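Please look through the sequence and the model before reading on. The paragraphs below are meant to be read with both at hand.

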Amino acid sequence: MFDTLSERLRKTLGTLTGRGRISEADVDAAMREVRLALLEADVNFKVVKDFVARVREKAVGADVLDSLTAGQQVVKIVHDELVELLSAGDRTFHLSGNPAVVAMVGLQGSGKTTSTAKLARHIVKLGRRPMLVAADPYRPAAADQLETLGKSLDIPVFRAPVGTSVPGIARLGVEAAKRQVRDVVILDTAGRLTVDEALMAEIAAVNAAVKPVETLLVVDAMTGQEAVAVAQAFVAAVPVTGLILTKIDGDARGGAALSISAVTGVPVKFLGTSEKTDGLEVFHPDRLAGRILGMGDIMTLVERAQETFDTDQQAKLEEKLRKNSFTLEDMLDQLQQVQKMGPLGQIMSMIPGMGGMANEAQAAVDRGDLKRTEAIIRAMTTVERRDPTVLNASRRRRIAAGSGTTLPDVNRLVKQFSEMQKVMKQLSGAGGRRAAMSALSGRR
Ligand SMILES: Nc1nc2c(ncn2[C@@H]2O[C@H](COP(=O)(O)OP(=O)(O)OP(=O)(O)O)[C@@H](O)[C@H]2O)c(=O)[nH]1
Ligand SMILES: [Mg+2]
């Protein structure tokens, strides 16, 4: 989502890095660019104005301008201010109470039901026992959707008898949770097309009935400045304790999402990164700032890898890398594992220094390069996969025909693999994996 913004900021700040002793005019020129980049990314104009003013004030001090690392220091100021901008409020996810009640609120289609399921999964990982409550009595399909999600995660879903009021549903849900020894209740409430009094009154009544410890406003990050206005309206009417920004995997400019917490003072607690139930990230301002400024986000990457990769398999792989017995068969395995971690472009953007290649890597995926690589390896015999040196011209032709690719495609892969083996000789462990990842991205 933040690709364009990220690219522009990196370009602008790139002109500063490595420069010592810069002038006030240099800072001003860079700040003009930063300002434009933020505005173009749809960041709220007032937020931009304050942001640029704060960065400038810190950057033009003599101790910065005259230093030999002035450029880097200005970049660091931009980074720190971006973190600050994203850091409003208390980001702790509170789950006190038995059961702890979490109410999901927001407009129609913002992602409440999806986020309810994602959050439940997250809560299970925290060692708690959630129950989902279908608190949308207006659309029977809404409860069905929640029930399906609950089933897929093996988490119970409570439905109240038809005709129960929303606060009534919430109360019954809490009672059901107590009976079933569930210690967290997540209320999936109904959305409305627009912010209206009836919706706010309903949320207020739920609040009075079951006193949620968290009232999370779910906001669709694709909706632009409108999202800021919606958030302001909710925050004015009900005690919102946190935000979940959904659909940040989309291609909107993203600036509005960045502004919401600065404008409302309500902290962002989670990000929705895909339609699937594992597409939820705990929000870390420093990580997002790092990703936007192209400094990578190695923490999220490591966490995601830990979640995705099978530890046994990983240990075996490291062993192989050390002994230099990594084969095309292993490459096929890795290829599949890496793809499980998420879109390649997204993964690459988390690797420090690789942000600039993220688009290219994603383009390679979109062009079908990975699929082609997979097909080629699948068309090989076990012997060939273990020892590509047996691949003579006739075998290569057979593989090309068998995989629906061309001889040059096969040649390229074999060459890439042998180059990869060379790199791997020099690296092991995480470094090896990183090199493997970039080789796997299919760059030519
Ligand atoms: N790509 C992407 N899609 C999402 C994300 N979160 C939700 N969606 C999609 O957005 C659509 C609406 O999501 P729901 O969870 O049904 O939204 P809701 O707020 O419960 O909607 P109502 O109950 O009608 O008010 C669905 O198609 C979801 O798959 C996300 O983080 N990324
Ligand atoms: Mg819903």
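The model is a predicted one.

Several polar contacts can be followed from the oxygen atoms of the ligand. A polar backbone atom of Lys112 is 2.8 Å from an oxygen atom of ligand 1. Lys118 approaches with its side chain, a polar atom of which lies 3.2 Å from a ligand oxygen atom. For Glu275, an N or O atom in the side chain is 3.0 Å from an oxygen atom of ligand 1. Taken alone, the ligand exposes 650 Å², and the protein buries 80% of that area.

Attention may now turn to helix H11, residues 255–264. Eight of its ten residues are buried, so the helix is largely enclosed by the rest of the structure. The buried residues are Gly255, Ala256, Ala257, Leu258, Ser259, Ile260, Ser261 and Thr264. Just after H11, Gly265 takes a positive phi of about 80°.

How many aromatic pairs does the model contain? The count comes to one. The pair is formed by Phe93 and Phe270, in an edge-to-face arrangement with 5.1 Å from centre to centre and 90° between the planes. Phe93 lies in the loop between helix H5 (70–86) and strand E1 (100–105), whereas Phe270 belongs to strand E7 (residues 268–272), so the pair ties together parts that are 177 residues apart in sequence. Phe93 counts as buried because its relative accessibility is 17%, under the 20% cut-off. Phe270, at 1% relative accessibility, also counts as buried.

The loop between H5 and E1 also holds Pro99. The peptide bond from Asn98 to Pro99 is cis, with omega near 0°. Most peptide bonds are trans, and most residues other than glycine have a negative phi.

Two lysines have a positive phi. Lys211, with phi near 45°, is found in the loop between helix H9 (197–210) and strand E5 (214–220). At 62% relative accessibility, Lys211 counts as exposed. Lys247 has a phi near 60° and is found in the loop between strand E6 (242–246) and H11. With a relative accessibility of 32%, Lys247 counts as partly exposed.

Conventions:
Residues are numbered from 1 along each chain as its sequence is written. Chains are lettered from A and ligands numbered from 1 in the order in which they are written. This is a predicted model: local features need pLDDT of at least 70, side-chain atom pairs count only at pLDDT 80 or more; totals for chains, interfaces and linings use all residues. Side-chain values use heavy atoms; hydrogens and water are left out. Rings of Phe, Tyr and Trp (its six-membered ring) pair if their centres lie within 6.5 Å; planes under 30 degrees apart count as stacked, over 60 as edge-to-face and the rest as tilted. Helices (H or I, at least four residues) and strands (E, at least two) are DSSP runs, numbered from the N terminus. Buried means under 20% relative accessible area, exposed over 50%, partly exposed in between (1.4 Å probe, protein chains only). A polar contact is a pair of N or O atoms within 3.5 Å; within protein, one must be able to donate a hydrogen and the other to accept it, and residues adjacent in sequence count only if both atoms are side-chain atoms. Accessible areas come from the Shrake-Rupley method with a 1.4 Å probe; for residues, only the protein chains shown count as cover.
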